[in-house]
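Hi there,

Here is the structure I promised to pass along. Have a look at it first, and then read on for what turned up.

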Amino acid sequence: MITYELMLMLRVMPKPECKQVLRRIADHIFHKGGFIRKLDNMGTRDMPHKVSSHGIVYKQASYFLYEFNIPPSSVDYLLDEYKRDVDIIRPNIFKKKKLEQFECTLHEECLPPPYRKDVLDLMADSKKHEKPKFKYNSGLDYYPFQK
């Protein structure tokens, strides 16, 4: 199954009501054969702009982030259910990207520039593309034009 993130903006409400809403959201995920990996409470804060949802204008919201696995065919159903819920101001479901593995090169980057491999490669490359120096083939022992 694919890992998804559900970013929710809930209306500001007391903790017991908020708990019921979060439980209802989790039940929808479980009902569709998914399981929850993580639930983060991002806190209650002012919204960047006013948002109208279900006929009410909101200026503040409680932010929550669910990380869950579910079959891809169930994502549209969940989004439809959450958009109809009056306690949810704005639901967004995103596919979570896998982190790419990389090799740490901190020990090389801490070296002084003349000893770094990438700097040495640049210096070697610049020597390959050196311009040929101009040779004065005038036959005179001095340069007749002023420099």
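Which exposed residues sit on the face of helix 2 turned away from its buried side? They are D76, K83 and R84. Please keep in mind throughout that this is a predicted model.

The buried side of helix 2, which spans residues 75–84, is made up of V75, L78, E81 and Y82. These four lie on the same side of the helix because they cover an arc of only 130° around its axis. As for what covers them, the list includes strand 1 (2–10), helix 1 (15–31), strand 3 (56–70) and strand 4 (88–95).

Stepping back to the whole protein, you will find four helices and four strands. Read from the N terminus, their order is β-α-β-β-α-β-α-α. The protein has 147 residues, and 27% of them count as buried. If you take the contacts between residues at least 6 apart in sequence, 72% join residues at least 24 apart. The exposed surface comes to about 11700 Å², with carbon and sulfur atoms supplying 55% of it.

The structure holds 10 salt bridges, and here are some of them.

R11 pairs with D87, with 2.8 Å between the closest N and O atoms. This pair links distant parts of the chain: R11 belongs to the loop between strand 1 and helix 1, D87 to the loop between helix 2 and strand 4, and 76 residues separate them. D87 is buried, at a relative accessible area of 10%, whereas R11 is partly exposed, at 25%.

K38 and E67 form another salt bridge, at 3.7 Å from N to O. Here too distant parts of the chain are linked, with K38 in strand 2 (residues 35–53) and E67 in strand 3, 29 residues apart. E67 counts as buried because its relative accessible area is 11%, under the 20% cut-off. K38 is partly exposed, with a value of 38%.

D80 is partly exposed, with a relative accessible area of 39%, while R84 is one of the exposed residues on the face turned away from the buried side.

Finally, salt bridges that share partners join R11, E17, R24, D85 and D87 into one network.

Best wishes

Key. Residues are numbered from 1 along each chain as its sequence is written. This is a predicted model: local features need pLDDT of at least 70, side-chain atom pairs count only at pLDDT 80 or more; totals for chains, interfaces and linings use all residues. Side-chain values use heavy atoms; hydrogens and water are left out. Buried means under 20% relative accessible area, exposed over 50%, partly exposed in between (1.4 Å probe, protein chains only). Helices (H or I, at least four residues) and strands (E, at least two) are DSSP runs, numbered from the N terminus. The arc is that of the directions from the helix axis to the C-beta atoms. Contact means heavy atoms within 4.5 Å. Accessible areas come from the Shrake-Rupley method with a 1.4 Å probe; for residues, only the protein chains shown count as cover. A salt bridge is a side-chain nitrogen of Lys or Arg within 4 Å of a carboxyl oxygen of Asp or Glu.
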